Amino acid sequence: MKAAVLREIQQPLTIEDVELDAPRPDEVRIRVVGSGLCHSDYHSISGDLLTPMPAVLGHEAAGVVEAVGSDVSEFKPGDEVVSCTSMYCGHCRDCQTGHNNVCGNNPKSRAEDLPSRITRGKEAISQFAGLGGFAEEMLIHRTGLTKIPEGMPLDRAALLGCAVLTGVGAALNRGAVSPGSTVVVIGCGGVGLNVIQGARLAGAARIIAVDLNERKFDLARTFGATDCVKGGPDAVAEVREMTGGGADYSFEVIGLPSTQEQALMMLRRRGVFTVVGMAPSGSSFSVPGVMVMAMELEVRGSLMGSAPFQQAIPNYAQLYLNGKLKLDELVSQRIKLEDINDGYDNMIAGDVARSVIVFDN
Ligand SMILES: [Zn+2]
Ligand SMILES: [Zn+2]
């Protein structure tokens, strides 16, 4: 099968013919139909996130089940599915208290004594996030999949596996935005637009989108922003002034210490800051202890939507089918696997919300 392979950081991905192993008892093989380009994969390309190479990146994919291992009864060939990196053990305290998105025993990879799922000749190739969605097929652990409702288009369903799950889930679950509240979202990329959309679904009265790139403001308004503020050093003062002292909820969806600190400074008393953006390994932001104490502020982290994706993804798909959740507007361009490097160039230039690779195999 064809796959886009990362062999060296800061270099283009190479399109290669690789082999996929047969499913082991707890694995499922999927024919990929749609695969979104998320910024997190770019952290592997840029070198901000250390990734064992060679690797097949991609972690936002939808497709059709082709084959299942001997222990898998919950999926069968022909099922339309969305994959997610939040695989889980089912036995730990987090799994058993409804938080399998933070399971510490995530069975992403095979045991070390087993052959690699992806190979090229004798060379083992790793899968980003246990998925490897930039390929015609994926072979993954059974817990990294969920079925979607009938009639859900698979190119758009792919985005439910990361951008929508992460963004909408951060607003609804971890941020727990309340009706009538004021929300500020810093960063209007694929995930940020979905935090805006989640805040809209939660009934926020005012949603302020902040981004350096003013070209993103039209899209932010489409997803539910009521006000847009240009990012930069003046953004904190501007948000504080227009909200009469700060927002009830803030979300940072870039992963930069400077904007994480700004998100905290944009809150009113008893405000809640939710960290959504993926920061480079080793980076940190500072939190003024006295201010957090005196203003009773909260800082929360949110990973992959802070809820079991097995329930959340089909629910979001149904919201799309009911016309309540926007997905069509999120797809800026449909591309072929061969165009993946151009797709990332367009993302970095800030020209697209999401590019989706569509396979016609
Ligand atoms: Zn992602
Ligand atoms: Zn677990």
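Two residues are in contact if their C-beta atoms, placed from the backbone, lie within 7 Å. The views below come from a predicted model.

**View 1. Two domains in one protein chain.** Domain 1 covers residues 2-161 and 326-358. Domain 2 covers residues 167-302. Taken over C-alpha atoms, the centres of domain 1 and domain 2 are 28 Å apart.

**View 2. Where domain 1 touches domain 2.** On one side, 13 residues of domain 1 take part. They are in contact with 13 residues of domain 2. Helix α1, residues 39-46, gives the most to the domain 1 side, with three residues. Sorted by class, that side of domain 1 has five nonpolar, four polar and four charged residues.

**View 3. Helices α4 and α5 cross.** Helix α4 spans residues 163-174, and helix α5 spans residues 190-201. Two packed helices are described by the angle between their axes and the distance between the axes. For α4 and α5, the axes come within 7 Å. They cross at roughly 40°. The two helices are therefore oblique to each other. The crossing of α4 past α5 is right-handed.

**View 4. The residues that join α4 to α5.** From α4 come A163, V164, T166, G167, V168, A170, A171 and L172. They meet G190, V191, G192, L193, N194, V195, Q197, G198, A199 and L201 of α5. By class, this contact has eleven nonpolar and seven polar residues. It has no charged residues.

Technical notes: Residues are numbered from 1 along each chain as its sequence is written. Chains are lettered from A and ligands numbered from 1 in the order in which they are written. This is a predicted model: local features need pLDDT of at least 70, side-chain atom pairs count only at pLDDT 80 or more; totals for chains, interfaces and linings use all residues. Axes are lines fitted to C-alpha atoms, for helices over the stretch in contact, and angles run from 0 to 180 degrees between N-to-C directions. Helices (H or I, at least four residues) and strands (E, at least two) are DSSP runs, numbered from the N terminus. Angles under 35 degrees count as roughly parallel, over 145 as roughly antiparallel, 65 to 115 as roughly perpendicular and the rest as oblique. A crossing is left-handed if the near helix is turned anticlockwise from the far one by less than a right angle, and right-handed if clockwise. Ala, Val, Leu, Ile, Met, Phe, Trp, Tyr, Cys and Pro count as nonpolar, Asp, Glu, Lys and Arg as charged, and the others, Gly among them, as polar. Domain bounds come from an automatic or database domain assignment.
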